[in-house]
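Here is a friendly walk through one protein model, written for someone who likes cut-offs spelled out. Please have a look at the sequence and the fold before reading on.

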Amino acid sequence: MEPTFRKSMAWLHTWAGVVIGSLLFAIFWMGTLSVFDREIDRWMMPATRLSPAALQQPVKLDGAITEQAQLLTQGAPQWFIRLPSERMPAVELRWRNARGDNERRYLHPANRRCAGTHGNAGGHRLHFPVPLQPAPQVDGRGLLAGGAGGHDHAVACRERHHHPPQDLCGLLLFRPKKHLQRASLDLHNLTGVLAMPFHFVIALSGIVILFSIYWPSAHHAAYPQAKDARQAFLAEGFGQYRRAKANTTGQPLASLDAMLASAEAQWQGGQANFIRVWHPGDANSYVELRRSHADTVTMNLDQLYLDAATGSVLKRFDAAPVMTVQRFISGLHFIQFERWLLRWLYFLGGLSGCVLIATGFLFWLESRRASHAKKAWLGCGWWRR
């Protein structure tokens with residue numbers, strides 16, 4: 001029974017890897033690069049390579065930055081500002097233009113001049129939005145292929161050794177001077193087994209992040225009486241607040257700096273890093289503030305919504321414990337925290353995933369080539385007889 005199960009696991013591991021291996025490699029490679037997405041942005045835009053002194057003084061949004069934002073985003077339904085950080089010391093301004101395209105500017109936090117206009121969105125598009133529909137299948141099958149491969153390797157080790165192995169069952173065995181098929185299998189096993197916890201966490205967290213695609217009816221099951229079940233879930237789970245436009249001209253935008261100070265007081269020292277202005281210029285315009293999570297793995301959902309004209313609080317949201325767990329798992333995947341040692345470990349883990357997939361392809365191709373060569377030789381021998 002066991003050898004049959006092992007063979008089925010080996011078959012599943014092989015063909016799941018072969019079918020989606022190319023897509024998995026692209027996702028792993030671009031995901032690995034996205035560990036340093038902000039740093040790549042700075043490399044692509046030399047004007048944003050500001051000195052650490054630019055972060056020593058608190059950023060003042062009122063005045064030049066707000067005026068530039070209102071001037072550049074005229075007619076946009078919303079615009080937002082991301083405050084500078086250690087990884088990106090420039091102020092980021094983004095909005096959607098009349099054609100529906102996203103636009104971005106980086107402003108110097110001190111002199112408010114434009115420090116760049118582009119960002120490294122290509123890596124994110126290749127890693128996540130382009131394969132949006134197949135992404136759940138890739139995460140699930142990648143997890144399944146990894147589990148099948150791990151089980152197959154464990155059973156093979158147990159069958160090969162009835163006593164404690166001297167070479168840790170090939171766990172740390174790498175023979176680069178052997179032929180390509182043997183060397184690629186050694187490296188495949190080495191990167192697969194040693195980095196298995198990392199690969200498992202990355203695949204599982206991707207599934208958790210995309211849970212609404214896996215279970216699209218979950219919103220309706222949780223909120224059967226709601227008119228819009230998805231919106232009800234987003235409001236209760238993620239704190240999303242929406243106020244419809246009044247379609248009448250409103251008062252000028254109140255002080256964003258005062259709103260930031262109000263949020264810091266309510267969060268007991270926690271600072272906002274994201275400010276979004278909804279329906280700018282409308283009587284029902286409001287401001288969304290999100291708390292920074294640069295110092296923690298958990299991507300907290302602390303939010304504050306204020307009236308754009310008066311600065312009065314419309315809604316405050318603090319995540320429930322179950323959503324805090326979900327955001328911790330999301331933080332393990334998105335890697336937005338400022339912990340350089342962990343970031344480099346993530347980068348190495350991502351590279352190991354790329355090596356795992358590439359060596360799996362090499363081993364499979366070499367195995368097929370050797371098998372076809374053997375069949376051709378046997379056929380040639382039969383012909384001679």
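Two strands pair if DSSP finds at least two bridges between them. Helices (H or I, at least four residues) and strands (E, at least two) are DSSP runs, numbered from the N terminus. This is a predicted model, in which local features need pLDDT of at least 70 and side-chain atom pairs count only at pLDDT 80 or more, while totals for chains, interfaces and linings use all residues. Residues are numbered from 1 along each chain as its sequence is written, and side-chain values use heavy atoms, leaving out hydrogens and water.

**The chain as a whole**

The protein chain holds 13 helices and 8 strands. Of its 385 residues, 40% count as buried, where buried means under 20% relative accessible area, exposed over 50% and partly exposed in between (1.4 Å probe, protein chains only). The accessible surface comes to about 21,800 Å², and 62% of this belongs to carbon and sulfur atoms; such areas come from the Shrake-Rupley method with a 1.4 Å probe, and for residues only the protein chains shown count as cover. A contact means heavy atoms within 4.5 Å. Among contacts between residues at least 6 apart in sequence, 62% join residues at least 24 apart.

**Strand S1 and its partners**

Strand S1 (residues 78-82) is largely enclosed by the rest of the structure, because 4 of its 5 residues are buried. S1 pairs with strand S5 (residues 272-278) in the antiparallel sense over 5 bridges, and Arg82 stands opposite Phe274 in S5. S1 also runs antiparallel to strand S2 (residues 91-96), joined by 4 bridges; here Phe80 has Arg94 in S2 as its bridge partner. Phe274 has a charged neighbour too: the charged end of Arg290 sits over the ring of Phe274, 4.3 Å from its centre. For this, NZ of Lys or CZ of Arg must be within 6 Å of the ring centre and within 35 degrees of the ring normal.

**Aromatic pairs**

Rings of Phe, Tyr and Trp (its six-membered ring) pair if their centres lie within 6.5 Å; planes under 30 degrees apart count as stacked, over 60 as edge-to-face and the rest as tilted. By this rule there are 14 aromatic pairs.

Tyr305 counts as buried, at 1% relative accessibility. Trp278 and Tyr286 are both buried. Elsewhere, ring pairs link Phe36, Trp340, Trp344 and Phe347 into a cluster.

**Loop residues worth a look**

Most residues other than glycine have a negative phi. Asn247, in the loop between H10 and H11, has a positive phi near 60°, and Asn247 is exposed at 63% relative accessibility. Gln268 is found in the loop between H11 and S5; its phi is positive at about 55°, and Gln268 is exposed with a relative accessible area of 77%.

What about His293, buried or exposed? His293 is in the loop between strand S6 (286-291) and S7 and is buried, with a relative accessible area of 17%. Not counting residues up to four places away in sequence, His293 touches Thr298, Met299, Asn300, Gln336 and Phe337.
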